[in-house]
Amino acid sequence: MLVNGHFLSTPLPAQQCLEPLIPCIPLLISVTSTVCGCTLMHVGVVLFSFLRSTKMCWMELRVFHRSDSIAWNPHKMLGAPLQCSVILLKEKELLYKCNSASATYLFQQDKFYDTTYDTGDKSVQCGRKPDAFKLWLMWRARGDEGLATLVDDAMDKSRYFLEKIRNRPDFRLVLPEFQCTNICFWYIPKCLQGQPETTEWWERLGKVAPLIKQTIAMNGRLLIGYQPLAHRHLPNFFRFVLACHPTHS
């Protein structure tokens, strides 16, 4: 159940079965940045980063230990310049059980050293383990404090942008508040301002974002994403995302 963008775990036990007459147990519940008690919980925290001064965010993130696995994409909010993803699992040797092909031409078991160091057989990427080096280098160069400062800066700028949009009569927020650095909004042109918000009005509003993006992209001024939420009957709106990039003092 979603309430104002929040996933509520309380109703889950009563909704585990699509058909109440057939007993079943959920194999997996995949959520974003939250956890709940169930059979197997995977948390996709694609935007999770070092939240230092935002204490409320720390309170929300500290329950991750209750999940069975966590996926994290530092190339998103944390600003890693190349694709960089991390997955952490609670159950030991689970990746090996799932991914091991025991290829004898790669992972011989009669080597002169401890074969548990052959970590390639634990991953679907096999020999591409150096991908993790991207995160290590960035973390090593900037440190905990440096990364935390970048995230705090992105959070502050997103709050600034949010208030700017909130106080403009020709803009409208999709939600009154946002938890992270994604700010979603519509631009309402003069021809639609003050008009009855009928079905036709919303259809016309949905054509505004694609047209604006085409214009500003073609003249090289700005790149910004947009999307609809059809299941919520929301037409195209802009989705402004702030990531962590070093700033000049």
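When I call a residue buried, I mean under 20% relative accessible area, exposed means over 50%, and partly exposed is in between. By that rule Glu-197, at 41% relative accessibility, counts as partly exposed, and I would like to start from this residue, with the reminder that what you see above is a predicted model.

The side chain of Glu-197 meets that of Arg-172 in a salt bridge, with 2.6 Å from N to O. Because Glu-197 lies in the loop between E8 and H4 while Arg-172 belongs to strand E7, the pair ties together parts that are 25 residues apart in sequence. Arg-172 is also partly exposed, with a relative accessible area of 28%.

The search of the whole structure finds 6 salt bridges, and some of them share partners, joining Glu-163, Arg-166 and Glu-177 into one network. As for accessibility, Glu-163 is partly exposed at 36%, Arg-166 is partly exposed at 32%, and Glu-177 is partly exposed at 46%.

Let me turn to the sheet, where 4 strands form an open, antiparallel arrangement in the order E7-E8-E10-E9. Which strands stand at the edges? They are strand E7, residues 171–173, and strand E9, residues 225–229, each with a single partner strand, so that one side of each is left without a neighbour in the sheet. On average, and ignoring direction, neighbouring strands of this sheet are turned by 40° against each other.

Strand E9 is joined by 4 bridges to strand E10, residues 234–241, and the two run antiparallel. Along this pairing, Gly-225 stands opposite Arg-239 in E10, while Leu-229 has Leu-234 as its bridge partner. The two strands form a hairpin with 4 residues between them, and His-233 in the turn has a positive phi of about 60°. His-233 is exposed, with a relative accessible area of 70%.

For context on that torsion, most residues other than glycine have a negative phi. Glu-93 likewise has a positive value, near 70°, and is found in the loop between strand E6, residues 86–89, and H2; at 36% relative accessibility, Glu-93 counts as partly exposed.

In the loop between strand E8, residues 182–187, and helix H4, residues 199–205, we also find Pro-189, which at 15% relative accessibility counts as buried. The C-alpha atoms of Pro-189 and Phe-171 are separated by 8.6 Å, although the two residues are 18 apart along the chain.

Phe-112 is found in the loop between helix H2, residues 94–99, and helix H3, residues 132–166, and is exposed, with a relative accessible area of 82%.

Finally, a word on the cysteines: with the cut-off that paired sulfur atoms lie within 2.5 Å, the count comes to 0 disulfides. Cys-84 is buried at 3% relative accessibility, whereas Cys-98 is exposed at 55%.

Technical notes
Residues numbered from 1 in each chain as written. Predicted model: local features only at pLDDT ≥ 70, side-chain atom pairs only at ≥ 80, totals over all residues. Heavy atoms only, no water. Buried < 20%, exposed > 50% of the residue type's maximum accessible area, 1.4 Å probe, protein only. Pairing = 2+ DSSP bridges. Axes fitted to C-alpha atoms, helices over the stretch in contact; angles between N-to-C directions. Salt bridge = Lys/Arg side-chain N within 4 Å of Asp/Glu carboxyl O.
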